[in-house]
Every structure is written in C-alpha cells, then in structure tokens.
Amino acid sequence: MLIYISTLEKANIIEDVCQTNNILVLKGIVKKDFNFALYSSLQNEFENIDYIVINIDSLKNNTAEEILDGIKRLQLFYSMKIIIMCNMENEINQNMVSILINELKIYSIITKTEDEEIKKELNKFINEKVEYKDISFLNIQDQLNIGILGTKSGIGTTTQSIAITKYFNKKANSSQACYIERMQSTIINSFISNYKLKLKNNGISFQNVDMYKSKPRGYKQNVFDFGNISECENIKEFLQCDIKIIITGSKIWQVEYLYRVFEVIEQNNNGKIFFIFNSTPEEQEKEIQKSMGKYKKNTYFAKEIKSPFSEKIDNEEIYSEMFNMLQIKENEKINNKSKKFLKWRK
C-alpha cells in the first residue's frame, strides 16, 4: 500500500504508476501544508504502508526544518520506503536533498520535471527490492556546490580549484562549471590586469574557464575557492558545501596546519569530505593514507599541475574517482594524528 503527499498535477502521475504496479493507494493528500508531527504518529494510518511518496514542492506552507523533521519521524517509527519528489531550482530544496542523502540516507529522490521521466523514476524506486544507494550527487543534483580550502598559503588551492572546474567542463564538453573566488586575495583582478580582460556580470572568462567574484546562476557545478584556512572568512559557507575538498601537503611545515582543518570540519561534517595531498613522495603515500583514519578512503595524492588551464587534465583520474564515489560510509575513528604523522613527515 502507498500514501502520497503531492500537488494535484503530480498526484495523477503517482496514481497512474500505482495502477500500473497494482499498488493500492490508501490515501492521497493534496494540500499546501502538512502536519508531519501529527500524521507520523498515527499508527492506524501508517503502520501497514509499504511506500510514502512526498512531493516537497507541494508543501508550500511548511518550512524546510518542518519537512525534514517529519521525514525523520517517519524513519524513526516506520519501515516504509520513503520516496521524495523535489524540484532542484531553488537553493532551499538543494540543501534539503543534500541532508536527505548525507544525514538521513534517503536515496530514492526524483528531481526530474517531465511527466514521463517522473513516471520512469517512480517505477524504478517502487520496484527496487533493496534501497538503492549508488546514487551520485552529479545525477541527483542539478547544481553541486564544491568548496575547496587549503591548509596554508601557497599550497595549491587555487590551482586545484581551476583544474577541477576545467575537469567538469571537459567531461560535459561544455561550460557547465564555474570557478568562484571566496578568499581575500584577488586572483580575478590579477587576470584582469595582466591579460587586459573586462569584468562582466561580476566575472571573467579565461581559456574556457568562467571565473566569478560571487555565485552566478546557470551552472551545474560551482567550484568555490576559499583560499587558506588561516585567512578564510567564510568557514561556515565552506562547511555548507555539498562536497568539501582540503588541499594540503606532506612536509613537516605543512602537516601542522592540517590539525586546524580537522578541528574545523568536525564541527560540521555533512556531505563529502576529501583530502588532496600535493607533491608527496610515492613511498609515503600508504602510511599517510593509513594515518587519515576515517578519511583514509577519501584521501588522494595529486600530481604536479603545470597549468590548471591545460586541456590535458593532470589529475583527471583522481577527480573522476572522487566525484564518482557514490556512498558515504561509516569508517573507523580517526587515529591519533600527532603520533601517526610523525612516522612519515620529514
């Protein structure tokens, strides 16, 4: 049996899919607000339900916090499969989807807008015997915010940020990603003065990389360069990114700055967190990775980038692996960093 909360338009789609799959619709709720706290505690309504479809776009009078709290209640009290329908055009919905995936571990999320595509996705989720967990952010979200932060000045944060932007554009064969400057230094101004470029819509374009001083509209991947942690004034914004990438090094004077990063990211570790070590001797890589504890599977070692604007992406292989990782796994607690790092730092 199935219950849905939806707009009238999408309700017709849900009813059609249920009829095709011989699923009884116990109740359809078509309204602009919904008392999750009330309905999620009514056993006579929900205890025998196999599926609940929640169209977030229909809940105009509920806040994001109310919606997420209601879904948490459903997870707590019932074993029904939760299927979410959500338009990704606004940032509030994007943030909700990020929380649904990373915190609530809900992966049955439909972001399509065309009726036939919605039917196809709904059919897939209803007929899955096991909850599908291999869903990439790139497939779910129409817009992905990637925050990149360095452990110290000169570690290569900007170089990696531009290279990752270039990687996405190469993969899509179009300008679907952009670089966004969120640090004190003015990289964009340097390009303007050195290459006689003109600022347009608060941004420039250089060698097929669109670069902005503030977040623009219309890009699928927004790559934020937050500079180094010591000078970063936007740590909260960095922590809210869907994917967070820390750029660091393995030398003794670089490692000590990594401790500060651990302190910061433990405040809020929602979303994916990756570590990229620059210029690390190959013989040290295994020991470093082991010492990273719960982050060891999210630790990568980058080759030297001669030019981030090059058509040949120097670290394409590790970028592909990073952005194709599909599931956040519970790993062991991080090891004693100071003792472990002493084994390999020089």
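A: A residue counts as buried when its relative accessible area is under 20%, as exposed when that area is over 50%, and as partly exposed in between. Ala177, with a relative accessibility of 0%, is under the 20% limit and therefore counts as buried. The model to which these words are applied is a predicted one.

Q: Where is Ala177 found, and which residues does Ala177 touch, leaving aside those up to four places away in sequence?
A: Ala177 is found in strand 7, which covers residues 177-181. Leaving aside residues up to four places away in sequence, Ala177 touches Thr165, Phe168, Asn169, Tyr219 and Gln221. The C-alpha atoms of Ala177 and Val223 are 7.2 Å from each other, while the two residues are 46 residues apart along the chain.

Q: What is the confidence of the prediction, given as the mean pLDDT of the protein?
A: The mean pLDDT is 80, on a scale that runs from 0 to 100, and 81% of the residues reach 70 or more. Over residues 130-141 the pLDDT stays under 50, and the model has 36 contacts beyond four places in sequence for this stretch. Over residues 326-346 the pLDDT is also below 50, and 55 contacts beyond near neighbours in sequence are found there in the model.

Q: How many helices and strands does the protein have, and what makes strand 2 and strand 5 edge strands?
A: The protein has 14 helices and 13 strands. Five strands form an open sheet with parallel pairing, in the order 2-1-3-4-5. Strand 2 (25-29) and strand 5 (109-110) are its edge strands, each pairing on one side only.

Q: How do you know that strand 1 and strand 2 pair?
A: Two strands pair if at least two bridges are found between them, and strand 1 (residues 2-5) and strand 2 have four bridges in the parallel sense, so they count as paired. Within this pairing, Tyr4 stands opposite Gly28 in strand 2. Helix 1 (residues 8-20) lies across strand 1, strand 2, strand 3 (51-55) and strand 4 (81-85), and runs at about 165 degrees to strand 1.

Q: Why is the pair Asp16 and Lys119 called a salt bridge?
A: Side chains of opposite charge can pair when their charged atoms come close. The cut-off is a side-chain nitrogen of Lys or Arg within 4 Å of a carboxyl oxygen of Asp or Glu; the closest N and O atoms of Asp16 and Lys119 are 3.8 Å apart, and therefore the pair counts as a salt bridge. The pair links distant parts of the chain, with Asp16 in helix 1 and Lys119 in helix 6 (residues 115-127), 103 residues apart. Asp16, Glu116 and Lys119 are linked in a network of salt bridges, and a search of the whole structure finds seven salt bridges.

Q: Why are Asp16 and Lys119 called partly exposed?
A: Asp16 has a relative accessibility of 36%, which lies between the limits of 20% and 50%, so Asp16 counts as partly exposed. Lys119, at 23%, also lies between these limits and therefore counts as partly exposed.

Q: What separates Lys124 and Glu121 along helix 6, and how do you know whether each is buried or partly exposed?
A: Lys124 and Glu121 are separated by about one helical turn, because they are three residues apart in helix 6. Their side chains meet in a salt bridge at 3.7 Å, N to O. Lys124 has a relative accessible area of 36% and is therefore partly exposed, whereas Glu121, at 16%, is under the 20% limit and so counts as buried.

Q: What makes Asn298 buried, and which backbone oxygen does its side chain reach?
A: Asn298 has a relative accessible area of 12%, under the 20% limit, and is therefore buried. The side chain of Asn298 reaches the backbone oxygen of Ile273 at 2.9 Å.

Note on methods
Residues are numbered from 1 along each chain as its sequence is written. Side-chain values use heavy atoms; hydrogens and water are left out. Contact means heavy atoms within 4.5 Å. Axes are lines fitted to C-alpha atoms, for helices over the stretch in contact, and angles run from 0 to 180 degrees between N-to-C directions. Buried means under 20% relative accessible area, exposed over 50%, partly exposed in between (1.4 Å probe, protein chains only). A polar contact is a pair of N or O atoms within 3.5 Å; within protein, one must be able to donate a hydrogen and the other to accept it, and residues adjacent in sequence count only if both atoms are side-chain atoms.
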